[in-house]
Structures are given as C-alpha cells and as structure tokens.
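I opened this entry to keep a record of what I looked up in the model, one topic at a time. The terms are spelled out where they are first used.

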Amino acid sequence: MAENLVSLYENEVSETSSRKSYSKADNAGRIINSYSINFKYLFSSNEKELKKILTDNQILELEKNVFSHNEEELDNSQIIRIFGNEYLKIIKKIYQEENRNPEFDAALNKGFNNENKIHVVWGNCLDALKRMETESIQLMVTSPPYYNAREYSQWADIDLYLDDMRKIIRESYRVLDNHRVWVWNVGDIFDNDRKYTKSVWGKRRIPLAAYFTKIFEEEGFEFVDDIIWDKGEVESKRQMNNGMNVPFYQYPLNCYEHILIFHKHRLNKIRIPCPVCGSLNVNGNTQSGIGVQSWECKNKKCFVRSPNNRGKRFSARSNMMQYQFEGDDKNQIDDNLIRKWRRDIVQFSPVIKINSAGKNLVGHSAPFPEDIPEMAVKYFTYAGEKVLDPFAGSFTSPIVADKLGRIGIGVELNKSSYKDIIEKRVNSRNSLFNDGTEILCEYNINPQ
Ligand SMILES: C[S@@+](CC[C@H](N)C(=O)[O-])C[C@H]1O[C@@H](n2cnc3c(N)ncnc32)[C@H](O)[C@@H]1O
Ligand SMILES: [Zn+2]
C-alpha cells in the first residue's frame, strides 16, 4: 500500500500477529486497510483453508514454489499475486491429472513448452487433441475443412461431416483452458448437403455457421459473437440470372464469412485466494455469468471493503483479466487494430490464391488471411501463451501467433501435400528474424 495511507489512517486495528495494520475510509467511503504482507503470513493465515483443499504434500509443494521467489523488494500486491498464481498452478495441475484423456502423451506436451518453436503436428486433429493436456491451450483459432467444398473433403453427407466436427469440438473443450476462447471462421457454402438429393441440382446455401453455433453450445461453449467478415465483391457465377430479371431468379453474390467466437466457462467451485489480500477465507456466492463462480472475501482486514463493509468480490475470470497483467506493455493492443475490429462487420481482403494462369500461388486451396489470427491472438491471449489451430493448412495461425510472441501449434492431416509449403512459409518467416535457430518442431501423430 502507498506510504501516505499510513499517515492518513483513522484507527489502528489491533492485531494478534506481529503484523502492523491500519484502516481508513477513502473518498468513496470504502474501507481501506494498510499493512504489509509476506509469504509466511499468507501461509499461516490461510493454513486452515489450505488444509481443506490440498494434501500435506501439495501444501509442501506450494511452499517450495512460493518461497523460491525472493520477496525482499516486492510490495503487497506482488507478493499476493505470486502466492495466488502458485496456488492456482497447483489447483490446475490437480485438475489436469484427474481429467486427462487415456491417450495423454507427456512427451508431446512437454515439447509444446518450447517457446522458440513453431510446432507442427502431422495427423488427425482428433487424435492429436486426445493426446493433449487438459486445459493447456489458451486460444484456438481455425477455419475448419469446409464440407465438400475443397479437394480434401470426404464426407458422404452433411450430417456425417457435422458429426466428425462435433467430436473434435468436444475434445477441444477439454483441451482449451478455462475462460478462454475459440475463434471459428466458417463460410455458409453453396453445395449439396447430400441428404435429399445427390444431383447437381441439389445445391443450396448451407448455413454452416448456424449449425456450428448449435454444436458448440451443445458441447458446453457459450456463443459470444458472430463477426461478419466482408470479403468484398467475390467472383462467382451464382448471381447470373441469364437475363431473367423476374422474380425467383435473383440471388446475391456471396461475399461474407463468419468469424464465430465462443467462450469456455467451466464452473469451477474450488476456492481461489482474494486478489486483494490473498486470503482463502472466501465465500462462493453467486455465479456472475454462465459457469463463472464469483467469490466474496471474508477477511475483515482485507485491504479494500465496500462502503457497507462487504468484502471484495471476484472470480477466477476477473482475476485472470484484471490482476495478472496490469501495466504490462507486451499485452497492449494498438488502437488501429481496435478501430479495425470495432464493428461486427469487418472488411478485409481474402488471400488471393489463384493467379491469372490459374496457378495456386500459396500452394493451399484455402489459406486464410493473417487478419483473423492477428485479431484472435491479440484480443484473447497474453504474451507467451499457447495458440492452437487444429486444421492448420498452411499454418497461418501458428506463424502469426509466433510472430506475436505466443507459442504457435498446428495440426494438419495432409502431410504429403503441405509439408513443403509449410516449411517454405516457416523458413521465409524465419528469414525475417533470422537468428540461425531451427524453428520448426515436428511431431507425427498418424505417420503417413
Ligand atoms: C480450410 S483449411 C485451413 C486453412 C488455414 N487456415 C490456412 O491458412 O492455410 C482446412 C485444413 O484442415 C485439414 N484437415 C481436414 N481434416 C483434418 C483433420 N481431421 N485433422 C487435421 N487436419 C485436417 C485440411 O487438410 C486443410 O488443410
Ligand atoms: Zn481480501
């Protein structure tokens, strides 16, 4: 607490411990205490609560981790943050160990921690996800394989496609960290759903984004936004009406895709320490949103209490958003980007794929522009976190994530077609910041 608070205190609170404390009311009438905290105090004052939640060994581990930090020069809030973070790490580790898929692959996950690499996983992303640690990825962003719209599509009808996607979405729910985001870019393609007719006449606009929204919600995610990507005038013959300027022959040119945003909010009722005073003497009262447990600090000497002397209210999510990264330049988002994505219809150009000779320039039939992962990574992750694209194609998302100081991970099924393209892209990206290190890290989940 600021020094000047001490001189302004109104009454000294008597303390049984040797800790000195003072309290005063601020302009808003909130009661503000001032006293100094150290790790030892946090352990002794929280002893009872820690014992309810952790085993003796886990408490020892927490002590070891917390005391490995030097608290000499730190202020109260830094000390509390370290204690809170180390505590949350232990809680998370316990949850992960209890909720792994039987196919969990420790070596694979250890590899992902190397932050100087772009991680390329060859294989089926469902198999890759099963091997991945629970709640270990902080953002997922992709454009999934479009139902029968491209050469890698293989489904006999729309429902079989959606069933496959649902399995992947279900497994991704486990792997995505709690209170984190899935960014799903999909177009409402024009195709035959193959449910009612297999003839070319059976083509129609298929509202894939609507179908996916329902699937994501059924698998536990919360729908947050549907940002329309306005791709401009996109060439297609569909608007041609053969000169029939009469009713029922008119269709607009399709020039949008959806950027669907889903949140994961798994309800977690494990007590978390008050971000203001570090006390585990907290009560879970309500859920402040779908799956968001909120807490109220019951420590009467907490630094901040409301005018009617209620304790600080917080959730794991507010902790993550408000207390972890304050004043951290690396996580600042520039104004231009915020202006660009201010409205939920956003215009930018698709990647131009085909040159005038009909040659595919990028070497992949459906790369997506860097705009989408750039927004997703900057809006929904902090520096150093892990970003996964399970349908990575030419690896736009992992490359952008890496450029922005995050760990980029991608899974791609089609190794034979894309290996060279990916290497070329990753290497040319490397040449921009060439420090001579090999940055591609490959894993084979389903060797081809
Ligand atoms: C629409 S593309 C993604 C394009 C990517 N955003 C880019 O910028 O290049 C979908 C990719 O998913 C791959 N794919 C399809 N099914 C897959 C699966 N089960 N596991 C992993 N990759 C898969 C396809 O081979 C294709 O490259
Ligand atoms: Zn408190």
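The model is a predicted one, in which local features need pLDDT of at least 70 and side-chain atom pairs count only at pLDDT 80 or more, while totals for chains, interfaces and linings use all residues. I number residues from 1 along each chain as its sequence is written, and chains are lettered from A and ligands numbered from 1 in the order in which they are written.

Phe395 is not a glycine, yet I found its phi to be positive, at about 70 degrees. Its place is the loop between strand S16 (386–389) and helix H13 (396–403), where helices (H or I, at least four residues) and strands (E, at least two) are DSSP runs numbered from the N terminus. I then turned to Asn242, another residue other than glycine with a positive phi, near 55 degrees, which sits in the loop between S9 and S10. Asn242 is exposed, with 6 other C-beta atoms within 10 Å.

**Strand S9 and its partners**

Which strands pair with S9? I noted that S9 (residues 221–230) runs antiparallel to S10 (residues 256–264) over nine bridges, and that it pairs in the parallel sense with S15 (residues 345–347) over three bridges; pairing requires that DSSP finds at least two bridges between two strands. Ile228 takes part on both sides, with His258 as its bridge partner in S10 and Ile345 opposite it in S15.

**Helix H9**

In H9 (residues 208–218) I listed Leu208, Phe212 and Phe216 as the buried residues. They line one face of the helix, because they fall within an arc of 65 degrees when seen down its axis, the arc being that of the directions from the helix axis to the C-beta atoms. On the other side of H9, Lys214, Glu217 and Glu218 are exposed. The cover over the buried residues of H9 includes helix H8 (158–175), S6, S9 and S10. After H9 comes Gly220, with a positive phi near 110 degrees.

For Leu139 I looked up the contacts (C-beta atoms, placed from the backbone, within 7 Å); beyond its neighbours within four places in sequence, they include Arg180, Val181, Ala376, Phe380 and Val387.

**The surroundings of ligand 1**

How many residues surround ligand 1? I count 17, the closest being Phe391, Gly393, Ser394, Thr396 and Leu413, where a residue is taken as near if its C-beta atom, placed from the backbone, lies within 6 Å. The shell divides into nine nonpolar, seven polar and one charged; Ala, Val, Leu, Ile, Met, Phe, Trp, Tyr, Cys and Pro count as nonpolar, Asp, Glu, Lys and Arg as charged, and the others, Gly among them, as polar.

Key. Contact = placed C-beta atoms within 7 Å. Buried ≥ 20, exposed ≤ 12 C-beta atoms within 10 Å, placed from the backbone.
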